Amino acid sequence: MYAALWRLLPGGVFLKLIQLTIILVIVVFVLFEWVFPWIAQTLLSEQSTVE
Amino acid sequence: MSSPTRPSIRKRTKLMRVTGVTGEVLITAGALMGLFLSWHLVLNDTIQGDRQNQSASALAQQWQAPESSSAEQNQAAAIVNPSNEEPPVTVSPAEGEAFALLYVPRFGPEYVRTIAEGVDVESVLNSRRLGVGRYLESDQLGDYGNFALAAHRTTFGAPFGDIGELRVGDQIYVEVPEGWHAYEFRNLEYVWETDVQVLNSFPKLQEEVPGYRVITLTSCHPKFTVSERVIAYGLYSGWYPRDGGPPTEIADLVKENS
């Protein structure tokens, strides 16, 4: 899986590393901004009220 | 260096390849779960907390009268005393709407949150821009009785994360367009989640006790669990009209937001 990704990216080792960093940043941003909030809201929505 | 090992790679069986990919998938899943937990339990309290703070600052800005800013600057150094006027009663808006601002200096020098109507988990308590809500069954802000609020103690911005750090005598300020209500923190109490009597007009008492304005903050206890509730009570300590300037303790923060 990751070996295939490494082969797919163009350029030398340095360029590949830069591209991987960018991909990682985008993935983390998407997770933090949309995916994780959705999971938290759906699965871990705990009460903090008295009722 | 290459000739003896290369051919053996090419001879990798299908089983080996499946095992390799499965391993990578599992490692990735583990890393994602670790990332999620650190986000949910730690990082997001800062991320979402900052956003809730920003939306509160934006609301504070709307309430600043443009001409009063110079007057407030002149008074910045003086000690502002509460007024003898009767505080105004804020009639709450529709559910999910912010109508007041909460300042608790003990929760940090920059701390300000909106107070929204209702304690709906999804639309208020978990919200990225709200976070603190008023119990619909509690009394109106400024009126006699109990003004009761709820917020998360951990996760979703954790507006009441430091509720356990409150000390007797700490001030809790609530801003409305007309000025600032001040309450003085009195005590904490730990109750079961079913103990709705903390929301009574005078907390825990069935009968009416005239002449008291109380603020009640409710949150989860112990941290990261929902088995009990921690309750913080405060008693009214004064009304500061907007013309007279903000209470000294939060004057800098109010000025910063104007």
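Let me start with strand β1 of chain B, residues 98–103, which in this predicted model is joined by four bridges to strand β2, residues 113–117 of chain B, the two running antiparallel. On its other pairing, β1(B) is linked by three bridges to strand β5, residues 171–176 of chain B, and that pair is antiparallel as well.

Let me turn to the contact between the two chains. Here 39 residues of chain B are in contact with 20 residues of chain A, and the area buried between the chains comes to about 2400 Å², with carbon and sulfur atoms giving 62% of that figure. Three residues, B:Glu24, B:Phe36 and B:Trp39, supply 22% of the area that chain B buries against chain A, which is more than any other three residues do.

As for specific interactions, the rule finds two salt bridges across the interface of chain B and chain A, and one that I can name is between the side chains of B:Arg128 and A:Glu33, at 3.2 Å from N to O. Across that interface there are also eight residue pairs in polar contact, counting pairs in which both residues are at pLDDT 80 or more. Which elements of chain B supply at least two residues each to the side that touches chain A? They are α2 (14–63), α4 (121–125), β6, β7 and β8 (228–241), and of these α2(B) gives the most, with twelve residues. By residue class, the side of chain B that touches chain A divides into 23 nonpolar, nine polar and seven charged residues.

From the chain A side, I would point to A:Ser45, which lies in the segment after α2 (13–43) of chain A. Its relative accessibility is 29%, and so A:Ser45 counts as partly exposed. Setting aside residues up to four places away in sequence, A:Ser45 touches A:Ala40 and, across in chain B, B:Val121 and B:Asn126. The C-alpha atoms of A:Ser45 and A:Tyr2 are 34 Å apart in space, for a separation of 43 residues in sequence.

Finally, some backbone geometry. Most residues other than glycine have a negative phi, and most peptide bonds are trans. Against that background, B:His221 and B:Pro222 are joined by a cis peptide bond, with omega about -15 degrees, and B:Pro222 is found in the loop between β7 and β8 of chain B. B:Phe156, in the loop between β4 (145–150) and β5 of chain B, has a positive phi of about 55 degrees although it is not a glycine; at 4% relative accessibility, B:Phe156 counts as buried. B:Lys204, in the loop between β6 and β7 of chain B, also has a positive phi, near 75 degrees, but with a relative accessible area of 31% B:Lys204 is partly exposed.

The loop between β6 (179–192) and β7 (213–221) of chain B also holds B:Asn200, which touches B:Asn146, B:Leu205 and B:Gln206 when residues up to four places away in sequence are not counted.

Methods. Residues numbered from 1 in each chain as written. Chains lettered and ligands numbered in written order. Predicted model: local features only at pLDDT ≥ 70, side-chain atom pairs only at ≥ 80, totals over all residues. Heavy atoms only, no water. Pairing = 2+ DSSP bridges. Contact = heavy atoms within 4.5 Å. Buried area = accessible area lost by both parts, 1.4 Å probe. Salt bridge = Lys/Arg side-chain N within 4 Å of Asp/Glu carboxyl O. Polar contact = N/O pair within 3.5 Å; in protein donor to acceptor, adjacent residues only side chain to side chain. Nonpolar A, V, L, I, M, F, W, Y, C, P; charged D, E, K, R; others polar. Buried < 20%, exposed > 50% of the residue type's maximum accessible area, 1.4 Å probe, protein only.
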